[in-house]
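Hi,

Here is the model I promised to pass on. Have a look at it first, and my notes follow below.

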Amino acid sequence: MTISLTINGDPLEYSGDPRRTLLSVLRNDLRLTGAKEVCGEGFCGACTVHVDGAPKVACLIPMGTLSGRSITTIEGLGAPDMLNAVQQAFVDHDVVQCGMCFPGMVLSMSHFLAETPHPTRDEIKRAMTGNLCRCTGYERIVDALASIAPAQEALS
Ligand code: FES
Ligand code: FES
């Protein structure tokens, strides 16, 4: 069985084991290593990607379920010279430490801010619960997200 999907806009015809996870294919076959494998059990959010625009943990998604789906990874979200708003806010606030959590965090928070353009700090904190960070203590991440223009407007 061949599964047709797109990864960052590029078509992929996958005919391997349908039980393999999307995360395994991204990292090992396509060398898209932005999505990290940390817990491997759906708890930490480090492997978050967008599936048809919504954040999902790639370590729990079998390839066999992805026919016709559109996947976006961190590699497809921005570019070094054209960061998206969340990436730029994290850079501006010097938030990133080890970096393991950040690709997933960026994908989750980009979706959240698109859906909730005027969040309160509490809403930002609730939205972050699926993405664990062992380094920052979270407050600087919240500060960075709150600094993004629409959020700033709502928080002022
Ligand atoms: S590696 Fe997928 S949720 Fe932790
Ligand atoms: S920066 Fe290290 S886990 Fe978040």
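By a nonpolar core I mean a set of buried Ala, Val, Leu, Ile, Met, Phe, Trp, Tyr and Cys residues joined through side-chain atoms within 4.5 Å, where buried is under 20% relative accessible area (1.4 Å probe, protein chains only). Keep in mind that this is a predicted model: local features need pLDDT of at least 70, side-chain atom pairs count only at pLDDT 80 or more, and totals for chains, interfaces and linings use all residues. Residues are numbered from 1 along each chain as its sequence is written, and side-chain values use heavy atoms, with hydrogens and water left out.

The largest core has 22 residues, and Val86, Phe90, Met105, Met128, Ile141 and Leu145 have the most contacts inside it. Helix 2 (85-92), helix 3 (102-115) and helix 5 (139-147) each supply at least two of its residues (helices are DSSP runs of H or I, at least four residues, numbered from the N terminus). Helix 3 gives the most, seven residues. Apart from this core lies another, of 20 residues, including Ile3 and Val51.

As for domains, the chain splits into domain 1 (3-76) and domain 2 (85-155), with bounds from an automatic or database domain assignment. Their centres, taken over C-alpha atoms, are 22 Å apart. Domain 1 puts 16 residues into the contact and domain 2 puts in 12, contact being heavy atoms within 4.5 Å.

Cheers

Definitions and conventions:
Chains are lettered from A and ligands numbered from 1 in the order in which they are written. Buried means under 20% relative accessible area, exposed over 50%, partly exposed in between (1.4 Å probe, protein chains only).
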